[in-house]
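Hi everyone, thanks for making the time. I'd like to walk you through one model today, going through its sheets and a couple of helix contacts. Have a look at the picture first, and then we'll go through it together.

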Amino acid sequence: MMVKLADRLASLFMKVIPWRGTRSAISFNDLFVRFHQILEENNRAMELIAEMEDKLGGQYVFDRKFLEDTVSAIERVVLRSAYNFNFIANNKELEIYKVIESLARHLRLELAGKLVIPSGQNVLALEDIQEVMDEAVGNKVYNLFRISSLPQVSVPPSFVVTIGGFRKYLAFNNLFEKIDGLMEGCKNGQSVESASHSIRLLILNGDIPSDLRQEILKAAEKICPKNPESSFYSVRSSSVGEDGMMSFAGLHDSFLNVPFRELLSSYKKVLAGMYNPESLEYRIQRQVPFSDMAMAVLYQQMVPSGVAGVAYTLDPNLPDEQVCMLGANWGLGTVVVEGGAADMFRVSRKPPYAIIESRISEKKWMVVPFGGAEEATHVESERVNESCLTPSQAASIVETALMIERFFKRPMDIEWSLDTEGQLRILQARPLGLSRGGQARSPELKALLRERTALMRDLGVIAYRGVGSGPVWIVDDNVSLEQFPSGAVLVARYGIPLLARAIPRASAVITDVGSPTGHMATVAREFRIPTIVDTGSATDVLKNGQEVTVDAERNIIYEGRINELLHHQLLERPLFETLYEFQILRRLLRRIAPLTLIDPDDPNFTARGCQTFHDVIRFIHEKSVQTLLQIAEKPSSLLVHGGKRLKANLPLNLILIDIGGGLDETGGKGGWVVPEQITSQPMKALWAGMGSPDVWRTDPIVADFKGLMSGVTRTQTAAVAGQVLAGLNVAVLGEDYMNLTLRVGYHFTVVDARLGAEREKNSIFFRFVGGATDISRRSRRAALLMSIMEKIGFKVEGSGDLVIARVANSGGDRMKEYLYLIGRLIGFVRQLDILMTDDTTIDLYFEQFMKANNIKTTSDHKINRSDSDDK
């Protein structure tokens, strides 16, 4: 259909419009054809990415060919989008091709089974790590980075020397070939001990490149700014795979109480420790390829530890019991992790996390912080038989440990420390090895579940699978949101983005209204929280404080806590995650799916700033829209070349451009047309909503001038309050095509739609950004738009005051209804940001729009209006 549209445009509109830039003119028809093609290609790319993400759940079988074909398809689609983008941009963004080629090359290496380490800095602060850097920093550091954003989780100031630094060290000392030769000897039956000894000597005798030395010392000064040279550090291993699918527990070397003067030598010791005989034997037994051997090194500020130890979120010997296990000793945790004397506590996994059983050991030895070594010293006699932990301290450790467990969705082994002020610090976290797992639900469990009361069954849609349990906490205002307790089941009327603040603390999430493609559901998946959305009635059925178990595997909400189901879920080992294809899929998606390029005003919002294919799609889209908006700079040019002003009862300065079949110009006067002359199918549907008499208010809104954006002049502010609409608005119309660009007040709206007989080619793209008030009010309006568009069936993304929504492959009647509602929504939210003074207004105006448009609350993610039927 796009070829036919291009031909029609070429034959009917060969005139040109002046264009800003070095190019003197650009074919007007080509501009909009290319823009529409960009939207189609971007939508296709997002569909392919969604197909790959669906496979992560384990419900679908896939093979290597699926991965190869999908990656190849994404590359082709994004390249076509980049080609059309550069046509619009007058070839000013050619660097995007280099970015695409680089990403594609890395993906091909991943498909070939080769470890790809992201280029970039060799030394990174923990907070500067990004989602796609797991291969660059090792699993231990990556796990710490991920949990450092969780509430109640405090990690000591840290930095990492990346795997890029490791490779730089080997290259500087010409060690690659020597090490590879010695490792080949291990494969051919030579002594592991001999190879280990030789490799470690090579590493320990090497020199650290001078620039890397300076980076390490400078980073150390930053995490201990007061007096770095008299401070102490821990230096820990973080190899590829360590604390991930394999633990390597105790097989690599780490060092505590390291003074500043020994930071560099400790770095070499940790690198050499990867080649310990035990580590090499472990790799051979687990069939881990030697080609994956690479080491990052974690540096942490030493915690002034009063008590330290280990937390297991389940008892490995009795995993069916509802208990956590804590081991603790005075000072640092060295004695505990090395199996020395330690107090042991079995603590309930259920709030208030009471100690069920304790065994207080005779603790004669301890390792003190800042001692300058890891040698044990005597414990004071009065504390030898004293309990290391109070009940409240044990409860605090368990509560935090279970939050980490909920995030990783598996039992965890966590090293912790309580400093001399009583603050809990998490030092590392890795999966806890258990012998059980991978079982289907037993007949006994199924029988038990049949006997339990199901409060809700098969209502709504599962946004993230899993099982969670806790007391119901209904969030209906800011106070209830801020007071949300850890471990509760979050129940809310709407799946609005504001819930993201509480989601990390939730055991499960249920909403009356929402979409599995919405922002809130995305956050729930990020934190791995079982989530069911769009149930329609959860806030009515469930009561505050009521204990429930949410089975987001079967879409059932049970009354009470079902420990057997919770344990089955926790102990169930997802065996598919160990498959080679699944591991490759995860690596591929890290370079494809994350969106790191968000703010168009960020100086890094460039082609070079794109780290993933999703970033490339976002960049191309945003820059294309910016170019398209320039068309409204010179209205005289549009009118000279055939544009018609729309004469209507709305305060819009709208110019319509017919590219074939979009307008019936018979009977029109001069350069004017009336709405009845619109023959473009998508524009007719949109105008039916936009032109409704009850949509557009013309009376002044009383503006709260304190909320208006900084820098707006008094004249401009008065114009906003008086509903004066600034800017030129343009609609490019074909019989089955529309591209509408609106500059209303201080916000911009773009609607690009194709509506024809071929359902599979129908699509709508909607973009909204801006406003006249401060960012908090504009963001509330954006949240309102996202909630409404999610509810009526769009896939939505956005940040700040930006909203992007897409829908495709819908029938004609459904598409008309979508466009009709978009038209009404444009009028409804116009300058509504002025009135959105607090978060409660999101719900208020959501309900108003739903009621005014007869949209019923259903759980099928489609429009359900009393006057609508999709045939």
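Let me start with a definition: two strands count as paired if DSSP finds at least two bridges between them. Please also keep in mind that this is a predicted model.

With that in hand, let's go to strand E10, residues 343–348. How many bridges join strand E9 to E10? There are 6, and the two strands run antiparallel, with E9 covering residues 323–330. To pick out individual positions, Cys 324 has Val 347 of E10 as its bridge partner, and Val 323 stands opposite Ser 348, also in E10.

On to strand E11, residues 355–359, which pairs with E10 in the antiparallel sense over 4 bridges. Here Arg 346 is partnered by Glu 357 of E11. E10 and E11 make a hairpin, with 6 residues between the two strands. If you zoom in on that turn, you'll find Tyr 353 with a positive phi of about 60°.

Is E10 mostly covered or mostly uncovered? Mostly covered: 5 of its 6 residues are buried.

Now let's zoom out to the sheet that holds these strands. It is an open sheet of 6 strands, and reading across, the order is E11-E10-E9-E8-E14-E15, with antiparallel pairing. E11 sits at one edge and strand E15, residues 424–431, at the other, each of them pairing on one side only. From one strand to the next, the twist averages 20°.

Which helix packs on this sheet? That's H13, and the strands touched by H13 are E8 (305–312), E9, E10, E11, E14 (412–419) and E15. The direction of H13 makes about 140° with that of E14.

H13 has a helix neighbour to show you as well. Helix H5, residues 134–147, packs with H13, residues 391–408, at an angle of about 110°, and the axes are 11 Å apart. That angle makes H5 roughly perpendicular to H13. On the H5 side you have Asn 143, Arg 146 and Ile 147, and they meet Ile 404, Phe 407 and Phe 408 in H13. Sorted by class, this contact has 4 nonpolar residues, 1 polar and 1 charged.

My other helix pair is H9, residues 210–223, with H10, residues 263–273. They pack at an angle of about 110°, with axes 10 Å apart, and so H9 is roughly perpendicular to H10. The crossing of H9 past H10 is right-handed. Which residues make the contact? From H9 we have Leu 212, Arg 213, Ile 216, Leu 217 and Ala 220, and from H10 we have Leu 263, Leu 264 and Tyr 267. By class, that contact has 7 nonpolar residues, no polar ones and 1 charged.

Last stop, another open sheet. For a parallel pair, look at E19, residues 489–494, and E20, residues 508–513, which are joined by 5 bridges. Within that pair, Val 491 stands opposite Ile 510 of E20.

That's my tour, so please jump in with questions!

Definitions and conventions: Residues numbered from 1 in each chain as written. Predicted model: local features only at pLDDT ≥ 70, side-chain atom pairs only at ≥ 80, totals over all residues. Heavy atoms only, no water. Axes fitted to C-alpha atoms, helices over the stretch in contact; angles between N-to-C directions. Parallel < 35°, antiparallel > 145°, perpendicular 65-115°, else oblique. Left-handed = near helix turned anticlockwise from the far one by under 90°. Contact = heavy atoms within 4.5 Å. Nonpolar A, V, L, I, M, F, W, Y, C, P; charged D, E, K, R; others polar. Buried < 20%, exposed > 50% of the residue type's maximum accessible area, 1.4 Å probe, protein only.
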